[in-house]
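The notes follow in the order in which I made them.

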Amino acid sequence: MKKVLFVTSEAVPFVKTGGLADIAGALPKYYDKKKFDVRIILPRYLCISEKMREQMKFESHFYLDLGWRKQYVGILSAVYDGITYYFIDNEFYFAGMSPYNNIYEDVEKFAFFSKAVIEAMPYIDFRPDIVHCHDWQTGLVPVYLNTLYKDKAFYQNMYTVYTIHNMKFQGRWKLKAVRDITGLPESLFTPKALEAYGESNYLKGGILFSDAVTTVSETYAYEITTEGGGEGLDGVMCGCRDKLFGIVNGIDYDEYNPKTDKLIPYQFDISDFAEGKRKNKQALQRELGLAEDAGSMLIGIVSRMTEQKGFALVEYMMDSLLSDGRMQFVVLGTGEERYESMFRYFAGKYPKLISASNCYSDDLAHKIYASSDAFLMPSQFEPCGLSQLISFRYGTVPIVRETGGLKDTVIAYNEYEHSGTGFSFANYNAHEMRDTILYALNVFRNHKEEWNNMVVRGMKQDYSMYVSADKYAELYDRLYQHNFDRITTVF
Ligand code: GLC
């Protein structure tokens with residue numbers, strides 16, 4: 001039995017700002033329990049709901065040296081859905097209204113978290129064989145393990161896997177400040193290690209010091225080795241090609257199951273989706289005050305409201321798309337003010353055709369997936385994307401830009417071969433997006449059988465997390481068989 005510890009800055013059901021939380025929080029459930037004991041460790045933020053915090057029980061505490069500070073580290077635990085979660089407690093660092101604040105606070109917060117995780121291991125009676133870290137916030141874990149903790153007996157033969165969910169966020173801050181905070185040797189703050197473009201860079205550290213690096217789709221794994229997708233670290237990624245793997249995300253098939261979903265008014269499956277979706281759509285149109293029009297194509301958007309997600313294209317085309325009343329939008333998400341207010345503006349202008357909710361609501365999200373005919377994701381870049389996978393499951397046809405995981409998971413409709421699972425366009429261009437939506441609209445309105453066959457093909461896809469958990473398991477096995485060199489020899 002191998003022990004795996006997921007180190008993450010967010011995980012469902014405790015705290016979530018994006019897709020990272022869905023993966024880090026749910027994936028451990030899907031490993032083969034006979035071969036792996038996977039547990040999760042994350043910060044005990046004060047913004048975790050009271051109800052969730054009440055379930056945590058105190059395990060132990062100690063004091064940690066961080067720079068010139070001596071800091072309290074509490075360790076708590078909770079079991080949820082059969083999975084053990086550990087929490088690092090410190091009210092100085094984790095008291096904010098949200099997990100992330102300013103970058104200069106966050107670099108210290110996550111240096112503390114990373115070091116605390118390493119020193120917490122002997123206290124929790126769970127010595128991991130594999131430490132699986134996620135995103136920039138945990139990039140220092142492999143760095144510490146392979147430097148300051150390298151010779152300590154407890155940490156021998158511990159392998160590190162580092163998963164990049166988004167290359168754009170790197171944890172960059174001033175060299176000297178980070179040197180002071182982390183207590184790492186000066187020799188690490190060079191281009192060979194933590195330095196990039198005159199700053200220290202946690203993501204780069206995580207990449208270089210891990211035994212294997214993964215990202216959440218094969219196309220994104222390729223894109224980050226190119227100038228266009230590498231966010232400045234494409235050279236580093238090219239140098240790490242031999243230990244870089246693309247493992248596509250899955251979704252939690254227990255949570256997202258239209259047959260058993262209690263958050264939607266009418267349950268359905270592949271045998272009665274047309275009827276089920278029609279009823280859900282009507283109910284949602286009524287609930288949100290949209291025109292109750294079955295023939296109008298309802299397009300869902302559930303997303304973080306950020307530039308990455310391609311909403312600049314939507315902004316540009318909204319008037320043109322809504323002008324003749326043949327389609328409707330239902331939008332849910334929070335994020336940058338610019339996009340939140342853009343959707344609110346259009347909802348005010350076309351109240352019967354678009355509804356925009358700037359909040360986070362599981363309830364509404366599930367209803368949108370179940371009720372929509374199509375789902376729009378015109379992302380600038382998309383490491384994997386989860387919404388298109390949820391859409392498949394609920395018989396909703398994705399309309400996506402061909403980038404990263406969207407390219408890997410959505411097969412473009414081909415009207416001659418009667419194949420495909422969605423609609424896609426190649427360039428980040430508003431007109432291309434509009435033409436693709438209009439093409440989908442035409443199939444939706446005038447070729448119903450073709451549309452329904454596409455829904456069925458989508459519903460038959462298997463993107464359950466079992467598939468990705470198996471791939472991670474295979475990667476861990478390879479590490480143990482020493483199929484590729486350990487990074488520690490380089491430094
Ligand atoms: C990030 C990416 C998204 C990915 C998710 C989970 O949020 O932007 O594409 O699906 O992480 O890996």
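An oxygen atom of the ligand lies 2.6 Å from an N or O atom in the side chain of E382. On its own the ligand has 310 Å² of accessible area, of which the protein covers 95% (Shrake-Rupley method, 1.4 Å probe; for residues, only the protein chains shown count as cover).

I note that this is a predicted model, in which local features need pLDDT of at least 70 and side-chain atom pairs count only at pLDDT 80 or more, while totals for chains, interfaces and linings use all residues. Residues are numbered from 1 along each chain as its sequence is written, and side-chain values use heavy atoms, with hydrogens and water left out.

Next I listed the shell, counting a residue as near if one of its heavy atoms lies within 4 Å of the molecule. The ligand is surrounded by 14 residues, and H165 and N249 are among the closest. Sorted by class, the shell has six nonpolar, six polar and two charged residues. Domain 1 (2-250 + 466-480) and domain 2 (273-462) each supply at least three residues to this shell, the bounds coming from an automatic or database domain assignment.

I then turned to the sheet, where strands are DSSP runs of E of at least two residues, helices are runs of H or I of at least four, both numbered from the N terminus, and two strands pair if DSSP finds at least two bridges between them. Nine strands form an open sheet of mixed pairing, in the order β3-β4-β5-β2-β1-β6-β7-β11-β12. Because β3 (57-66) and β12 (244-246) stand at the edges with a single partner strand each, one side of each has no neighbour in the sheet. Strand β11 (residues 212-215) runs parallel to β12 and is joined to it by three bridges, and T215 has G246 as its bridge partner in β12.

Lastly I checked the backbone in two loops. V12 and P13 are joined by a cis peptide bond, with omega about 0°, and P13 lies in the loop between β1 (2-7) and α1 (19-26). D135, although not a glycine, has a positive phi of about 65°, and I placed D135 in the loop between β6 (130-134) and α4 (140-145).

How values were computed: A polar contact is a pair of N or O atoms within 3.5 Å; within protein, one must be able to donate a hydrogen and the other to accept it, and residues adjacent in sequence count only if both atoms are side-chain atoms. Ala, Val, Leu, Ile, Met, Phe, Trp, Tyr, Cys and Pro count as nonpolar, Asp, Glu, Lys and Arg as charged, and the others, Gly among them, as polar.
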